[in-house]
Amino acid sequence: MFDMKNPNLGWCKPYGYHRFCVRHLAANFVSIFRKNGLKERVVTMCSQLTVNKFNLHWKALVAVEPRAEEWFSEIHPKHSTLSCDGGKRFGIMTTNMAEIEQQDVHGNKFTKDANKMMNKWKERATGHHVTKIDRNTWVFEVVTMKQGLKGGNKQIVRLQERLCTCNKWQTYQIPCSYVLSYCANIGLQHTNFVSECYKLENAKKVYAGHFEPIPDKKAWTLLKDFPTLIPDDEIPNKPWRRKETR
């Protein structure tokens, strides 16, 4: 057995951070509070990128289920929400991670997911307009294209601090459409602001180490002072819980 708190294993800060899978979090919530639509509300709320939008969905959830306030009081927002995550989970909300695809033969520098996100934001950037620029502090304003009742929103980007008020850059560690708009405006290469973790050469290092097979359970080393989890036989199996296949 492994002690995940052992700093020699590399799962502690600054290499590993404790975060919740939003799918499991929502499933646990609806297993207690049985109302239609609660699961979707929790997932949507936790996936918001800004605190203001999170608060709107939080108020809506509490209005539907007031007991949610007590239930979530034991969960720190940084463990469950993107708006308070600080970019530690790179926008990944579930444990359903896809395998890393080898794209070197195509000449790609970044992973498939990173390229897909940047291409999407490049299209959005064409409808943005850089209105004000302070070249001394690298702070600028970008306004989205007005289309009927939508658009016309302003975001502020602080390039040196790698911050944008949309919070996408901080969350995904990939420059958002507002940053791409500015980079195109002054001829700056936006790939310079993509996190190193998205480079294929670094992504492949995740599986570059040597993986030892797990020995028979009888040969496991008992860890000193490691807590023992004993299942409660009095708790019946819940017939509504979907059987896991993995």
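**Exercises on a predicted model**

**Exercise 1.** Determine which residues of α2 and α3 meet, and describe how the two helices pack.

*Solution.* Step 1: L38, R41, V42, T44 and M45 of α2 meet F54, H57, W58, A60, L61 and V64 of α3. Step 2: sorted by class, this contact comprises eight nonpolar, two polar and one charged residues. The structure is a predicted model. Step 3: the axes of α2 and α3 lie 9 Å apart and form an angle of about 160°. Step 4: angles over 145 degrees count as roughly antiparallel, and α2 is therefore roughly antiparallel to α3. Step 5: the crossing of α2 and α3 is left-handed.

**Exercise 2.** Identify the residues with the most contacts inside the largest nonpolar core, and trace the surroundings of I174.

*Solution.* Step 1: the largest nonpolar core has 46 residues, and F29, L61, F72 and I174 have the most contacts inside it. Step 2: elements that each supply at least two residues of this core include α1 (22–32), α3 (51–64), β2 (139–144) and α8 (177–186). Step 3: with neighbours within four places in sequence set aside, I174 is in contact with A114, M117, M118, W121, K168, W169, V194 and Y198.

**Exercise 3.** Locate R162 and Q173, and state the phi and exposure of each residue.

*Solution.* Step 1: R162, in the loop between β3 (154–158) and β4 (163–164), has a positive phi of about 55° although it is not a glycine. Step 2: R162 has a relative accessible area of 39%, so it is partly exposed. Step 3: Q173, in the loop between α7 and α8, is likewise not a glycine, yet has a positive phi of about 60°. Step 4: Q173 is partly exposed, at a relative accessible area of 25%.

How values were computed. Residues numbered from 1 in each chain as written. Predicted model: local features only at pLDDT ≥ 70, side-chain atom pairs only at ≥ 80, totals over all residues. Heavy atoms only, no water. Core = buried A, V, L, I, M, F, W, Y, C linked by side-chain atoms within 4.5 Å. Buried < 20%, exposed > 50% of the residue type's maximum accessible area, 1.4 Å probe, protein only. Helix = DSSP H or I, 4+ residues; strand = E, 2+ residues; numbered from the N terminus. Contact = heavy atoms within 4.5 Å. Axes fitted to C-alpha atoms, helices over the stretch in contact; angles between N-to-C directions. Parallel < 35°, antiparallel > 145°, perpendicular 65-115°, else oblique. Left-handed = near helix turned anticlockwise from the far one by under 90°. Nonpolar A, V, L, I, M, F, W, Y, C, P; charged D, E, K, R; others polar.
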